[in-house]
Amino acid sequence: MMRVAVVRFPGSNCEPEACRAVERAGGQAFYVWHRDTTLSGADAVILPGGFSYGDYLRSGAIARFSPVMEAIKAHAAAGGPVLGICNGFQILCEAGLLPGALVRNAGLKYLSRPVDVRIERVDTPFTNAYRAGEVIRIPIGHGDGCYVAPESQLALLEAEGRVVLRYAPLSGMDTPANPNGSVQDIAAICSPSGTVVGMMPHPERLAERVLGSDAGHGVFVSLMQFRSAEVV
Amino acid sequence: MTWRVHVRILPRKGLLDPQGQAVEHALAALRFPEASNVHVGKAIALDVAAGTAAEAESRVRTMCDQLLANPVTEDYEIEVESGAAA
């Protein structure tokens, strides 16, 4: 069974939802404290959302120096899957595991609402259960979700096909598709190998039908399938 | 010796600065049409123990590169107060 570490920082949120989503997909989830120096043999790591260290200085700027980050860097370097959700994405950028940065939403407001995102890349450990081009509706909850990167870096991301999710217009929404001003409508990116993924939306918040939709469930199913594929 | 050091951090030129734009609009609404090119950043003040002012500045530059500023989105300026603080 795939073992997934969910990292807790002071100020994390949705980490129980992340554990539940992993378990519903057939994995085993457990918490790792930010001061831990190992991942207790986890096969994959999830950095949850929230406001680690109160978002002091910049979102994710302090969490990046937590002892557990060294273990996560080693895990990523060895090809282990890492998913950063929302604040987790911000932390991965601050830590240099993903390029670019997430800055204040263009409209300045904190946004908590559903968004539509198109699955641009389906060979990552977190999106392989979806169809390429499929649009799913999952929630966001962030104030600093505007993705920016230097022009050369953006060109590289596009050339290497490392945009995993893009905000996409879909009928029935009366708000603009891109909620926060992200360049090129970027909602999620991955590392060159595709195994480290950062996304602003929260799939774990909408991963079972009793909530009205299980559109985010596929992210966790993907992780389980990725593991099976690896074993085979 | 201890030096009083001020770090001014501003959004990188050319990057979208929604806070600066919002403040500029508010100033215009308050009839300050002479205000333009408004940017909102942050200021950090700290005491630094160092032999010379140049050494203090050099250390704070390293702090900026590693933590205080984001090299992707922010520019910074460092000012060391003249005369050791203590």
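The model is predicted: local features need pLDDT of at least 70, side-chain atom pairs count only at pLDDT 80 or more, and totals for chains, interfaces and linings use all residues. Residues are numbered from 1 along each chain as its sequence is written, and chains are lettered from A in the order in which they are written.

**Exercise 1.** Determine in which order the three strands of the open sheet in chain B lie.

Solution. Strands are DSSP runs of E with at least two residues, and helices runs of H or I with at least four, numbered from the N terminus; two strands pair if DSSP finds at least two bridges between them.
1. Strand 1 (residues 2-11) and strand 3 of chain B run antiparallel and are joined by seven bridges.
2. Within this pair, B:Val5 stands opposite B:Val80 of strand 3.
3. Strand 2 (42-49) and strand 3 (74-80) of chain B each pair on one side only, as edge strands.
4. The order is therefore 2-1-3, with antiparallel pairing.

**Exercise 2.** Classify A:Leu57 and A:Asp185 as buried, partly exposed or exposed.

Solution. A residue is buried if 20 or more other C-beta atoms, placed from the backbone, lie within 10 Å of its own, exposed if 12 or fewer, and partly exposed in between.
1. A:Leu57 lies in the loop between strand 5 (49-50) and helix 2 (68-77) of chain A, and its phi is positive, near 70 degrees.
2. A:Leu57 has 17 other C-beta atoms within 10 Å, so this residue is partly exposed.
3. A:Asp185 belongs to the loop between strand 11 (163-167) and strand 12 (186-190) of chain A, with a positive phi near 55 degrees.
4. A:Asp185 is buried because 20 C-beta neighbours lie inside 10 Å.
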